[in-house]
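Please look over the two-chain model shown below before reading on. The report that follows takes the chains in turn and then turns to the contact that joins them.

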Amino acid sequence: MHLTSFLQDGHLTVALTGEIDHHCAKAYIEAITAKIEAYTPKSCVLDFQEVTFMDSSGIAVVINALRNMTRIDGKLILTGLNNQPMKVFRTSGIDKLVEIKEAVV
Amino acid sequence: MKFENYMILEFPSKSANESFARSAVACFAAQMDPTLEELGDIRTAVSEAVTNCIVHAYPDGLGMITLRCRILKGNVLDIVIKDKGVGIENLEQARKPMFTTGGSERSGMGFTIMESFMSSFTVVSTPGKGTSVHMRRKLQRRK
């Protein structure tokens, strides 16, 4: 698992990297939860631009982040989705629960 | 011979093997000249099936997972992923989207993804004996 993040004006961006599967999902969930709890941001953007593969474990990562952001009345946004993770999100219907934005190039 | 090529892998139910299994199947399938989307679908379905073995079949320790992959005539990839774990008591419930017994780091979407990403999908399970997932994906022939 490799993750970088930055906070600006109360908005948190978390960039995920590599492959997201069950092997690393728990570490991602814990790391993102810790950042949301530490900063209580107005919004949290999960940036998937550097994610090369994701199975349904990625859905659990997003659902946990959504739960944490809802608890603090914040907004969760997904961005930078490649075709493969996007297909997994569409199949699960997560794309109807969370805002998905195109990446800013 | 009904198949053109095949491979069999056996590995313990360690989560580090999820990425090994999907990469091995993707490498094997490369000879069928798949599109990136087809390869992504196959990797995802294999990852789901192997993860199910690791999380559900052997909840209290390690067990063996067998993966058999064959290339059938007509550019069809045939995959069987088998364990000798606890089995599934209620298959109908297990196949429902968002149903999981795996805790907050699982989404309950594994079977739904396998079903929708592959051309055919069958799961056979005997409680106390194990589970076998059989999937096929027909690949488009590129001109």
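What follows is a report on the folds, the helix packing and the interface.

## Basis of the model

This is a predicted model, in which local features need pLDDT of at least 70 and side-chain atom pairs count only at pLDDT 80 or more, while totals for chains, interfaces and linings use all residues. Residues are numbered from 1 along each chain as its sequence is written, and chains are lettered from A and ligands numbered from 1 in the order in which they are written.

## Chain A: overall form

Chain A has three helices and five strands, where helices (H or I, at least four residues) and strands (E, at least two) are DSSP runs numbered from the N terminus.

The C-alpha trace of chain A spans about 30 × 25 × 25 Å along its principal axes. Of its 105 residues, 42% count as buried, that is, with 20 or more other C-beta atoms within 10 Å of their own, C-beta atoms being placed from the backbone. Among the contacts in chain A with a separation of 6 or more, 73% are between residues 24 or more positions apart, a contact being a pair whose C-beta atoms, placed from the backbone, lie within 7 Å.

## Chain A: the sheet

The five strands of chain A form an open sheet of mixed pairing in the order β1-β2-β3-β4-β5, two strands being paired if DSSP finds at least two bridges between them. Strands β1 (2-8) and β5 (99-101) of chain A stand at the edges with a single partner strand each, so one side of each is left without a neighbour in the sheet. From one strand to the next the twist averages 25°, with axes fitted to C-alpha atoms (for helices over the stretch in contact) and angles running from 0 to 180 degrees between N-to-C directions.

Within this sheet, β2 (residues 11-20) and β3 (residues 43-54) of chain A pair in the parallel sense over nine bridges, and I20(A) stands opposite M54(A) in β3(A).

## Chain B: sheet and helices

Chain B has an open sheet of five strands with antiparallel pairing, in the order β1-β2-β3-β5-β4. Its edge strands, β1 (3-12) and β4 (120-126) of chain B, each pair on one side only. Strand β4(B) is joined by seven bridges to the antiparallel strand β5 (residues 130-138) of chain B, where M135(B) is the bridge partner of F121(B).

Helix α1 (residues 17-29) and helix α2 (residues 36-57) of chain B pack at an angle of about 145° with their axes 9 Å apart. Residues in this contact include A21(B) and V25(B) from α1(B), and V46(B) and V50(B) from α2(B).

## The contact between the chains

The contact takes 22 residues from chain B and 20 residues from chain A. On the side of chain B that touches chain A, α1, α2 and α4 (110-117) of chain B each supply at least two residues, and the largest share, nine residues, comes from α2(B). By class, that side of chain B has five nonpolar, 11 polar and six charged residues, with Ala, Val, Leu, Ile, Met, Phe, Trp, Tyr, Cys and Pro counted as nonpolar, Asp, Glu, Lys and Arg as charged, and the others, Gly among them, as polar.

Conventions:
Contact = placed C-beta atoms within 7 Å. Buried ≥ 20, exposed ≤ 12 C-beta atoms within 10 Å, placed from the backbone.
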